[in-house]
Amino acid sequence: MATLSDIGVSAGINILSAFIFFIIFAVLRLQPFNDRVYFSKWYLKGLRSSPSRGGAFVQRFVNLDFRAYLKFLNWMPEALKMPEPELIDHAGLDSVVYLRIYWLGLKIFVPIAVLAWAVLVPVNWTNNTLELARQLRNVTSSDIDKLSVSNIPEYSMRFWTHIVMAYAFTIWTCYVLMKEYETIANMRLQFVASEARRPDQFTVLVRNVPPDADESVSELVEHFFLVNHPDHYLTNQVVCNANKLADLVKKKKKMQNWLDYYQLKYARNNSQRLMVKLGFLGLWGQKVDAIEHYIAEVDKISKEIAKEREEVVKDPKSIMPASFVSFKTRWAAAVCAQTQQTRNPTQWLTEWAPEPRDVYWPNLAIPYVSLTVRRLLMHVAFFFLTFFFIIPIAFVQSLATIEGIVKAAPFLKVIVEDKFMKSVIQGFLPGIALKLFLIFLPSILMIMSKFEGFTSISSLERRSASRYYIFNFVNVFLASVITGAAFEQLSAFLNQSPNQIPKTIGVAIPMKATFFITYIMVDGWAGVAGEILMLKPLIMFHLKNTFLVKTEKDREEAMDPGSIGFNTGEPRIQLYFLLGLVYAPVTPMLLPFILVFFALAYIVYRHQIINVYNQEYESAAAFWPDVHGRVISALIISQLLLMGLLGTKHAALAAPFLIALPVLTIGFNHFCKGRYEPAFVRYPLQEAKMKDTLESAREPNLNLRGYLQSAYVHPVFRGDEDEDDYDDDKLGKFEEEGIIVPTKRQSRRNTPAHSRISGESPPFSGKV
């Protein structure tokens with residue numbers, strides 16, 4: 001059981017770690033040779049150039065201005081200076097709204113923390129329940145637990161204070177959530193209305209196109225939309241299975257990088273030829289000339305790419321029953337994306353197309369009929385992953401109870417006799433151990449989401465984030481409470497009657513606040529501070545810059561700033577919302593630690609979004625309904641747990657008054673879903689019409705067909721330099737007008753106008 005001194009030691013370690021990280025960052029960011037790592041976003045936007053190469057040789061790499069080091073924390077106020085409208089223009093709405101999740105945490109928990117410490121802490125502290133329990137040697141506790149509801153005796157009228165506070169916390173949280181939902185919905189609508197023209201505004205993704213023996217998919221799609229959307233249909237781009245081709249292109253790029261590396265190395269020292277072994281990892285096998293080997297490999301893969309490309313073009317089996325369909329106006333695209341196309345709801349399924357950079361191309365080749373099976377398999381796999389992960393969680397909880405370990409294994413007593421070591425073990429080790437167990441979890445969940453077949457990076461991240469949140473709730477929160485309670489109160493379980501067990505668990509739940517405090521400090525303090533160092537991008541950039549970079553373009557490609565990582569960051573934030581809402585009426589001691597996390601994370605990630613992160617896509621804050629829903633679920637969980645806790649305290653008169661809270665919270669959530677969520681799932685036709693009208697007035701001669709010509713061409717058909725001529729020639733053929741699609745189907749007689757696109761065109765051409 002961690003004591004107040006243990007928490008103090010842990011706080012000291014984590015504060016010192018965070019401070020050291022900030023000092024290291026302050027030194028590294030001032031060095032000219034790190035400029036592209038810590039200000040990569042400005043380089044990618046073309047607003048910053050490499051530091052001057054003039055002056056002394058040392059000054060090209062090291063900043064010798066010692067006055068700059070005196071203000072090593074000046075990046076914090078600088079990160080707060082950029083106003084929100086300018087930040088939206090600079091980084092996009094997704095990044096700004098992501099930051100507002102941290103700001104939402106501050107708006108919710110600052111008043112709650114003040115109220116809880118002013119009202120609940122005195123009510124909890126002025127009792128001696130835990131002292132009596134300790135004398136009976138039935139329940140272990142610490143000084144921190146005296147600030148919690150555990151210190152209030154059974155049948156006490158003081159529980160009315162906790163109920164009143166629960167109502168106050170719920171009302172305040174719902175009020176802040178509603179205002180934030182309204183604000184972000186308005187921000188989204190304003191952003192969409194003012195946003196520049198994008199291909200996805202005119203395009204829908206059509207899935208499950210029914211097969212036809214007489215016509216190709218491209219002809220089917222075109223004829224269907226010429227019949228059903230005759231005045232608005234513009235063009236379409238069929239989806240092809242180019243996954244094998246993409247793998248070859250990726251492999252060629254890898255071989256080309258090795259070739260560049262050995263050529264550059266030989267150019268620096270050409271006294272002898274460079275050799276490489278062909279065995280596993282180059283550790284053994286036949287020795288060959290490295291440059292000649294990789295030249296041959298690149299030529300070989302280039303021929304395979306050309307062959308595979310022709311097969312994709314000519315083989316009808318490579319064409320999937322799906323297509324990106326573009327319209328002449330945003331209004332027409334909105335109508336198509338938000339309506340059912342046929343009486344059979346399983347065919348001609350339409351949805352908004354992701355923006356081109358958001359498309360996850362490998363999953364477009366997955367047959368639609370297999371998606372249900374894939375998702376069912378992943379539901380089962382996720383269940384077992386979550387269930388079996390309880391085993392290491394239980395082990396982590398055993399680290400948090402050093403007294404229990406000593407009782408079970410007396411030979412370990414000598415290790416923990418030292419007071420400082422005991423404080424470190426109980427106040428620091430459990431949190432870091434749990435964080436280490438979770439390192440590979442995001443990658444596993446992302447692989448599962450990709451297997452399910454989602455077609456955009458944003459939807460993959462939202463799916464992964466949803467599962468990460470569920471996993472955190474079950475394993476990090478629920479399992480920590482349950483397994484910790486069982487371990488800590490082992491003697492109580494064995495030596496008391498069964499009807500006393502619920503009471504023991506009820507007392508133990510608030511006691512787990514000490515474990516979560518240590519976890520918050522490790523993950524939310526030192527972890528967030530460590531984020532700003534960008535160690536992995538820093539190391540990778542210098543390795544690439546040393547061995548591979550030959551041109552300015554190479555140097556730009558060596559920068560890997562990454563993005564905000566919604567699939568990992570948002571579930572972590574939601575865990576803190578859950579902990580704060582659950583423990584606010586139970587153990588207010590935890591709230592200041594959460595406030596430090598939200599404040600520190602807001603500053604750090606604001607700096608990263610301004611200077612480093614380069615967001616992969618822009619969804620106009622489409623993820624906010626998920627954020628709102630998870631905060632609501634955390635609120636309901638906190639109410640149910642408080643209800644159960646008061647039940648173990650025999651607060652029979654007070655507990656029933658909590659029943660109304662979940663009902664009111666669910667009703668509030670339904671109101672928000674009906675009032676604000678449509679702005680995130682639908683595009684108002686009025687807004688689309690207004691934007692179309694303004695655009696037609698400003699650009700009456702806009703060639704929209706040319707703009708959309710190659711917007712949804714698979715990236716592998718854009719190719720590298722030796723493939724550009726091929727693609728350009730092919731794409732140019734389909735800008736001609738008046739090409740008629742031959743067909744054998746009688747339904748062609750009902751098509752209102754001649755098709756302009758040839759059905760015999762390659763699937764990557766941009767017109768089919």
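Predicted model: local features only at pLDDT ≥ 70, side-chain atom pairs only at ≥ 80, totals over all residues.
**Entry 1, helix α10.** I looked up helix α10, which runs over residues 217–228 and has 12 residues. From its first C-alpha to its last it reaches 16 Å, close to the 16 Å expected at 1.5 Å a residue. I then asked how many residues of α10 are buried. The count is 10 of the 12, so the helix is largely enclosed by the rest of the structure. I noted the buried residues as V217, S218, E219, L220, V221, E222, H223, F224, F225 and L226. Their cover includes β1 (203–207), β2 (233–240), β5 (319–327) and α13 (330–337).

I recorded 19 salt bridges in the structure and looked up several of the pairs.

R100 pairs with E84, and the closest N and O atoms are 3.0 Å apart. R100 is buried at 12% relative accessible area, whereas E84 is partly exposed at 28%.

E308 forms a salt bridge with K244, with 3.9 Å between the closest N and O atoms. Here E308 sits in helix α12 (residues 290–314) and K244 in helix α11 (residues 243–268), so the pair ties together parts 64 residues apart in sequence. I found E308 buried, with a relative accessible area of 10%; K244 is exposed, at 55%.

E355 bridges to R357, the closest N and O atoms being 3.0 Å apart. E355 counts as buried at 8% relative accessibility, and R357 as partly exposed at 45%. I also noted that E355 and R357 belong to a network of salt bridges that links them with E195, R198 and D200.

I searched for disulfides and found zero. C672 is in no disulfide, and the nearest cysteine sulfur, that of C174, is 7.7 Å away. Since a disulfide requires sulfur atoms within 2.5 Å, I recorded no bond for this pair. C672 is buried, at 0% relative accessibility. C336 is likewise buried, with a relative accessible area of 0%.

Which residues make the nonpolar surface patch of about 750 Å²? I listed L376, V380, F383, F384, F387, F388 and I391. Helix α14 (residues 371–388) supplies the largest share, six residues. I checked L376, which lies in α14 and is exposed, with a relative accessible area of 55%.

Technical notes. Residues numbered from 1 in each chain as written. Heavy atoms only, no water. Patch = residues over 30% accessible without salt bridge, like charges linked within 9 Å, V, L, I, M, F, W, Y side chains within 5 Å. Areas by Shrake-Rupley, 256 points an atom, 1.4 Å probe, with all protein chains shown as cover. Salt bridge = Lys/Arg side-chain N within 4 Å of Asp/Glu carboxyl O. Helix = DSSP H or I, 4+ residues; strand = E, 2+ residues; numbered from the N terminus. Buried < 20%, exposed > 50% of the residue type's maximum accessible area, 1.4 Å probe, protein only. Expected span 1.5 Å × (residues − 1). Contact = heavy atoms within 4.5 Å.
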